[in-house]
Amino acid sequence: RRFPLAKILFFPAIVQGNDAPSSLIKSIEKANLDGRSNVIIIARGGGSIEDLSCFNDESLARAIYNSKIPIISGVGHEADFTICDFVSSFRAPTPTGAAVAATPNKEDLFNEININEKKLKQYLQQKIFEKEKSLNLISNRYGLKNFKEKFNQLNKEIDKLEKHLDLLSPKRKIEQHETNVNQALSSLKKSYKRILENKDENIQNIIDKLILLNPLNIMSKGYTVVFQDNKIVTRKSSLNDSSFVLKFYDGEIKAKEVKE
């Protein structure tokens, strides 16, 4: 009824007679080994001094003192005192009192939760108010009002820098040099081609002229050439009395001038 969330674990023990101390000690040790308990209640109802004498046992007192888990003593009635009460973490007047001491009252707990809830709401409202005030002050600053404009300006500057870096990059320079070299090679090829074409044209003109001036071509039309002493004779007066050679297009003959 006081605290419905509480879970109760029972470790039964003999609470009267000669075997009671060892039984209580074993239960305390089991509770410590189990490890699930936040607090241990050692208790029994009222009785005579002889009935409660097992709670004055030295070994039990040492076991209670050495327990890693806090122990509440609720032995007998309020007027009853045993050594167990003095070595426990807390002494309750009765077993019921021990249960009350070990648990909070749910009504008190609800009241405390409500109080803390109100305090938390007030704290959060105050914090929200302070943060809104700070946010308004910050948002009204010149820098933030013009944030979008500055952001766009910075983006433009970044784009310019990226382009500049791209132009300065080794890869970009190599590509530019390759382009320049390719253009130079193309221009050089065109120049050589024009030079070769001009040379070919000049050679052809010379060949045509040589063909026209070739004596054999002239001789093929019926002309002959006079040789005497291996020299061309161009005038009749240059001939002497010896023989001479007449060269035709297709051969030659020896001849001699016949005087009348």
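This is a predicted model: local features need pLDDT of at least 70, side-chain atom pairs count only at pLDDT 80 or more; totals for chains, interfaces and linings use all residues.
Local features rest on residues with pLDDT of at least 70, side-chain atom pairs count only at pLDDT 80 or more, and totals for chains, interfaces and linings use all residues. Residues are numbered from 1 along each chain as its sequence is written, and side-chain values use heavy atoms, leaving out hydrogens and water.

Start with the core. In soluble globular proteins, nonpolar side chains tend to be buried together. A nonpolar core here is a set of buried Ala, Val, Leu, Ile, Met, Phe, Trp, Tyr and Cys residues joined through side-chain atoms within 4.5 Å. Buried means under 20% relative accessible area, exposed over 50%, and partly exposed in between, with a 1.4 Å probe and protein chains only. The largest such core has 17 residues. Those with the most contacts inside it are Ile28, Ile42, Phe55, Leu60, Ile64, Ile71 and Cys84. H1, E1, H2 and E2 each supply at least two of its residues. H1 gives the most, with five. These labels follow DSSP runs, numbered from the N terminus: helices are H or I with at least four residues, strands are E with at least two.

Contact means heavy atoms within 4.5 Å. Setting aside residues up to four places away in sequence, isoleucine 42 touches Leu24, Ile28, Phe55, Leu60, Ile64, Ile71, Ile72, Ser73, Gly74, Val75 and Cys84.

Now take helix H2, residues 58-66. Leu60, Ala61, Ala63 and Ile64 are buried. They lie on the same side of H2, because they cover an arc of only 160° around the axis. That arc is taken from the directions from the helix axis to the C-beta atoms. The buried residues pack against helix H1 (20-34), strand E1 (40-44), E2 and helix H3 (83-87). The face turned away carries the exposed residues Glu58, Arg62, Tyr65 and Asn66. At the start of H2, a side-chain oxygen of aspartate 57 reaches to within 3.0 Å of the backbone nitrogen of serine 59.

Serine 73 sits in strand E2 (residues 71-75). Serine 73 is buried, with a relative accessible area of 0%. Its side chain makes a polar contact with that of aspartate 85, at 2.5 Å. A polar contact is a pair of N or O atoms within 3.5 Å; within protein, one must be able to donate a hydrogen and the other to accept it, and residues adjacent in sequence count only if both atoms are side-chain atoms.

Next, the cysteines. A disulfide is a pair of cysteine sulfur atoms within 2.5 Å. By this rule the count is zero. Cysteine 54 has its nearest cysteine sulfur, that of cysteine 84, 9.0 Å away. Cysteine 54 is buried at 4% relative accessible area, and cysteine 84 is buried at 1%.

Last comes the sheet. Strands pair through backbone hydrogen bonds, either parallel or antiparallel. Two strands count as paired if DSSP finds at least two bridges between them. An open sheet of four strands has the order E5-E4-E6-E7, with antiparallel pairing. Its edge strands are E5 (231-232) and E7 (251-255), each pairing on one side only. Two bridges join E4 (residues 225-228) to E5, and glutamine 228 stands opposite lysine 231. In the hairpin of E4 and E5, with two residues between the strands, aspartate 229 takes a positive phi near 55°. Three bridges join E4 to E6 (residues 244-248). There, valine 225 has lysine 247 as its bridge partner.
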